Amino acid sequence: MSNEIEAIKDPGLPAHVHRRADTDPKAAKKAERQVAILFLLSALGTVTLIGSYIFIPQDVFFYFPVLGNTNAHQLFLGLGMAASLFFIGMGAIHWAKTLMPDEEVIIQRHEFRSPDEDRAEFIKTVKEGAAAAGLGRRSLIKRSLGLSLGLVGLSPLILLGDLGPLPGDELSKTSWKAGTRLVTDPGDRPIRAEDLEVGAVAQTLPEIEPGAHRALSDIGKDAVLLIRLRPEEFNLDAERLSWTYEGIIAFSKICSHMGCAVALYEQQTKHLLCPCHQSTFDVTRAAKVIFGPSARPLPQLAITVDSEGYLVAQSPFNEPVGPSFWERSS
Amino acid sequence: MAPLLLVLALFSIGTTFSVAGAATSTPLTAAEKSALIDEGQRIFLKGCSSCHGLNLEGSAIAPSLIGVGAASVDFQVATGRMPVADMSQQIARKDPVYNEKEVEALAAYVSSLAPGPDVPGEESLNYERNGSTAEGGELFRTNCAMCHNFAAQGGALTQGKYAPTLMGVTPRHIYEALITGPQSMPVFSDKTITPAEKLSIIKWIKAAEAEPQLGGASLGRVGPVTEGLLVWTLGLGLLVGVAVWLAMKAR
Amino acid sequence: MTAREKIAGSVANYVDERTGAAKWMKKNLTKVFPDHWSFLLGEIALYSFVILLLSGTFLTFWFDPSQREVIYEGAYAPLEGLKMSAAYASTLQISFEVRGGLLMRQIHHWAALIFMAAIVVHLMRVYFTGAFRKPREFNWIIGVGLLTLGIVEGFLGYSLPDDLLSGTGVRIAEAIIQALPLVGSYLAFFAFGGAFPGEAFIPRIYTVHVLLLPGAFLALITVHLMLVWYQKHTQYPGPGRTEKNVVGYPLMPVYMAKAGGFFFIVFGVTAFLGAVASINPIWLYGPYTPGQISAGSQPDWYMGWLDGLVRMSPPLESHFFGHTVSWNILIPGLIVPGILFTGMALYPFIESWITGDKREHHLLDRPRNVPNRTALGVMSLTFMLVALINGGNDIIATTFDLTINQIMWFSRIGILILPPIAFVVTKRLCLSLQRADRDLVLHGRETGRLVMMEHGEFVEVHEPISAEKAWLLTQHEQNPALALEESDLRGVRRPGVLKNKLRARMSKAHAVAIPKATAADLKEIEHH
């Protein structure tokens with residue numbers, strides 16, 4: 001460590017260099033004019049803003065390089081506003097730089113630490129005040145105070161109790177039951193097996209009563225993706241195979257990772273890709289995860305056809321759909 | 001005077017030709033059809049059979065074309081995808097090698113061997129009349145946006161494959177892609193997305209393509225990635241630039 | 001006295017008689033601020049906050065924070081007749097029917113992105129120059145708090161319009177809440193008023209976004225600024241600048257003009273972006289429904305690193321006794337960010353523990369003179385950058401003809417090996433720069449002029465550097481590592497053996513430096 005004697009010395013503040021406007025009145029006048037021009041440009045901007053707001057209709061478009069076919073009202077309103085603000089700033093800064101004094105000022109820092117007498121007095125005040133309150137001696141007061149404050153702090157939490165219903169088994173149930181028809185999304189048309197060619201997909205939802213309303217919360221659990229392959233392309237055990245119908249297989253569309261809609265089907269590789277975090281599922285192996293962060297395959301919906309030939313669910317999903325949660329057992 | 005006459009003459013000659021050329025195609029006679037199929041076979045044997053086989057049976061590097069239909073041929077060849085230039089990741093759209101007549105011949109030949117989806121006629125593609133933009137948007141976002149992105153700009157699939165942008169694709173080719181499911185794209189059957197719904201999708205895509213920049217430069221219509229890039233380059237760049245100027249001593 | 005002076009005098013008298021303002025105004029109007037462009041980065045954030053308040057208030061006059069279903073009957077034809085939430089419909093109304101509405105929406109969103117970017121560059125400036133050291137540790141913690149709150153506020157803000165892209169983000173947020181062990185499903189149902197998406201979330205986050213968090217920001221920013229005011233701003237080292245003074249310009253008139261002017265600059269640039277660049281075109285995304293998704297869905301940039309961490313996570317989940325714990329969500333989404341931000345908040349204390357330095361510091365460090373700290377900072381930035389890149393892997397893949405799988409593997413491996421490599425490279429670079437500084441002081445500046453001596457040797461003429469520059473290059477402190485003997489003179493062992501060993505090693509690493517040039521060294525050279 002170099003001590004003070006050996007270290008190179010601080011030469012102190014360099015000599016002040018004057019600006020042109022400091023010594024030359026013509027330069028000062030020029031700077032003043034420049035500042036005035038900048039402020040005037042701002043005024044022009046405000047005029048453009050007001051004029052655009054009042055006079056340019058909102059449905060006029062014109063071609064502008066880089067921007068393309070642009071909305072005139074929006075562009076000139078915005079440019080006017082930008083100019084009206086920007087040039088005030090430029091004017092103020094240029095004024096400070098060229099005309100306001102730029103001699104450097106030195107002030108001394110003070111130590112933050114309070115002087116010892118003040119500290120001693122502070123400690124004395126606090127001690128006397130605490131002694132006057134008597135908390136130290138009166139433990140009954142101390143304990144009951146603690147109890148009352150602790151309890152009153154609980155009340156806001158209690159009052160928020162109706163923020164939401166308890167989950168119950170909501171997360172584990174969907175609208176699918178045995179015999180529920182699959183209908184197109186959108187359109188609500190039931191689907192026959194022969195409506196799908198090999199290599200086709202369909203976005204589906206469970207059928208609802210005519211006139212009934214489908215809530216987004218229902219769609220968020222019920223959405224199902226229907227895919228048709230050739231039956232020989234499946235690589236499934238007997239049970240899962242029995243959940244398919246003539247090469248048609250159905251999966252929950254709600255990603256088992258974090259709930260995005262998994263609908264991106266690659267026809268040639270038979271893979272499903274979720275665009276949120278790139279989890280990749282193999283349709284031929286019951287949506288087994290082959291890449292990406294998802295830890296579980298997509299739940300498969302067992303399907304068959306009803307007496308009229310429309311595709312229906314055989315039973316509800318055998319597991320909860322969507323992202324995992326603590327109470328999920330697998 | 002003379003230049004004006006020349007311009008008028010050229011104009012009238014030009015419009016006469018284009019009017020004549022725009023006449024609706026009349027159905028072909030049996031003889032014309034047969035000639036077209038022969039022409040198609042000739043082109044096929046020369047340009048396609050080395051990969052797709054002499055009898056369209058396919059090979060190790062190309063699928064069979066039996067039953068793909070005229071729609072597939074029109075889509076693949078007229079968008080330039082076929083013949084393939086680069087087989088690495090995915091067949092890409094490029095300048096077509098064959099002209100309209102040659103494509104028609106190829107399509108006639110391939111569909112003559114086994115039935116398949118037909119090229120949609122001009123009448124059935126009248127999306128302006130028969131489609132609904134709003135409904136098309138709903139259908140697009142449910143069935144197409146997960147691959148092609150919300151504004152049909154295209155998106156990534158796995159292993160380097162991609163769903164291409166739909167900007168600049170003709171309504172006929174969009175329709176054909178929907179019904180034939182080229183490469184990674186699935187097939188969208190007419191019962192699950194009806195022909196009218198397909199026209200609505202096309203109408204929405206065309207509306208999105210033609211939509212002017214409502215808020216300013218669109219930054220690619222791919223979302224927050226390019227928006228963030230603009231902030232870190234132009235936004236901070238301008239602001240830091242002014243800050244440096246602010247703190248510099250004036251001359 | 002002129003008439004104007006008379007009026008001003010009576011106003012000032014009126015106020016002063018009631019508040020005693022003259023005394024503290026006099027003191028504060030002459031307060032001195034050091035001048036450097038890098039001190040304006042925090043101001044960009046401050047002014048962006050004001051712009052957010054102003055533009056946001058405008059938006060609240062038309063925005064309807066309700067998820068009740070409406071049929072759209074407004075000006076944008078491609079959405080005519082479709083079902084959507086009132087929040088989405090009112091955002092469309094602001095965009096297409098309110099004059100200046102789309103401009104204000106865009107200014108508000110661009111200001112939010114600039115706000116976060118400014119906070120990050122300001123944080124980098126404070127970190128790399130060591131401005132967080134005593135007495136400013138508490139201000140640093142407030143800053144980290146502002147960064148965290150900013151991320152949340154921005155997320156809530158762009159989720160308000162209830163469009164397809166932001167709704168997808170809300171779905172992911174709900175999955176994170178739901179994944180919490182024991183309480184996850186309860187907290188999720190409480191936050192959303194039932195199953196996702198429900199109808200309660202948008203109205204509730206509206207209250208948080210326009211009332212609770214802005215209130216928190218106002219309070220924290222006020223304390224943050226008051227501390228800077230009271231403790232006085234730090235300054236870069238240089239001739240005439242010491243730990244005990246502040247060299248700069250007074251508030252009135254210079255700083256009022258420059259800082260006040262800079263507010264208009266920031267507002268103007270933000271308005272310019274709002275005018276020419278489209279951001280968050282919700283009419284193209286469409287209203288949110290859980291059955292739809294767009295390819296290339298990302299959060300705003302300041303959350304991109306979180307998305308990237310989640311994407312690269314291995315598929316880890318534990319199942320035991322009928323319960324599930326999703327490590328693939330908790331680790332990248334909560335645990336790693338929690339460790340990073342806690343470490344960041346506590347860094348001033350960690351560094352003072354390593355160096356044993358308990359003194360006040362008002363002179364900033366040149367980053368090269370603190371190689372360990374600088375290298376650690378670059379290492380952290382590298383980590384964040386790899387995560388951020390992975391967050392956009394699908395857009396990068398289609399733009400540069402790569403595969404998302406390649407980028408994912410690059411990120412998984414890169415995030416582990418690139419930060420340590422960055423650390424080593426940065427530390428070496430800092431030491432090289434220190435060496436270059438030492439050479440400059442001892443040998444002067446290379447002029448590029450060659451001179452031939454009588455005996456035929458060629459030498460390059462070196463010009464000695466100015467006294468000011470020599471001072472700048474040698475004013476820094478170079479403290480030795482902490483000496484933590486294992487036992488004292490009487491042989492009593494120091495408690496906390498492992499902790500001290502760690503501290504001693506880190507202190508030694510922290511003290512690695514090229515010895516700076518001294519006056520003695522200079523004299524030695526002169527004798528050549």
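**Helix α6(C), the cores and chain B**

The model you are looking at is a predicted one.

**Helix α6 of chain C**
- This helix covers residues 137-159, 23 residues in total.
- From first C-alpha to last, α6(C) reaches 34 Å, close to the 33 Å expected at 1.5 Å a residue.
- Its buried residues begin with W140(C), G143(C), L146(C) and G150(C), and go on with E153(C), G154(C), F155(C), L156(C), G157(C), Y158(C) and S159(C).

**Nonpolar cores**
- The largest nonpolar core holds 248 residues, and L226(A), V262(A) and F115(C) have the most contacts inside it.
- Helix α5(C) gives the most to this core, with 18 residues.
- Leaving aside residues up to four places away in sequence, V262(A) touches K253(A), C255(A), L272(A), C274(A), F281(A) and L298(A).
- Another core, of seven residues, lies apart from the largest one; among its members are I8(A), A470(C), W471(C) and L472(C).

**Chain B on its own**
- Eleven helices and two strands make up the secondary structure of chain B.
- Along the sequence, these elements follow the pattern α-α-α-α-α-α-α-α-β-β-α-α-α.
- Chain B is more spread out than a compact globule, because its radius of gyration is 24 Å, well over the 18 Å that the globule rule gives for 251 residues.
- Taken along the principal axes, the C-alpha atoms of chain B fill a box of roughly 85 × 65 × 35 Å.
- Of the 251 residues in chain B, 45% are buried.
- When contacts in chain B between residues at least 6 apart in sequence are considered, 66% join residues at least 24 apart.

**Where chain B meets chain C**
- Here 50 residues of chain B are in contact with 53 residues of chain C.
- On the chain B side, two or more residues come from each of α7 (133-143), α8 (145-148), β1 (155-156), β2 (162-163), α10 (195-210) and α11 (224-247).
- Helix α11(B) supplies the largest share of that side, 16 residues.
- By class, the side of chain B that touches chain C has 29 nonpolar, 17 polar and four charged residues.

**Domains of chain A**
- Chain A is divided into domain 1 (20-98) and domain 2 (174-313).
- Taken over C-alpha atoms, the centres of domain 1 and domain 2 of chain A are 58 Å apart.

Note on methods. Residues are numbered from 1 along each chain as its sequence is written. Chains are lettered from A and ligands numbered from 1 in the order in which they are written. This is a predicted model: local features need pLDDT of at least 70, side-chain atom pairs count only at pLDDT 80 or more; totals for chains, interfaces and linings use all residues. Helices (H or I, at least four residues) and strands (E, at least two) are DSSP runs, numbered from the N terminus. The expected span of a helix is 1.5 Å times one less than its number of residues. A residue is buried if 20 or more other C-beta atoms lie within 10 Å of its own, exposed if 12 or fewer, and partly exposed in between; C-beta atoms are placed from the backbone. A nonpolar core is a set of buried Ala, Val, Leu, Ile, Met, Phe, Trp, Tyr and Cys residues joined through C-beta atoms within 7 Å. Two residues are in contact if their C-beta atoms, placed from the backbone, lie within 7 Å. Ala, Val, Leu, Ile, Met, Phe, Trp, Tyr, Cys and Pro count as nonpolar, Asp, Glu, Lys and Arg as charged, and the others, Gly among them, as polar. Domain bounds come from an automatic or database domain assignment. The radius of gyration is taken over C-alpha atoms; the globule rule is 2.2 Å times the number of residues to the power 0.38.
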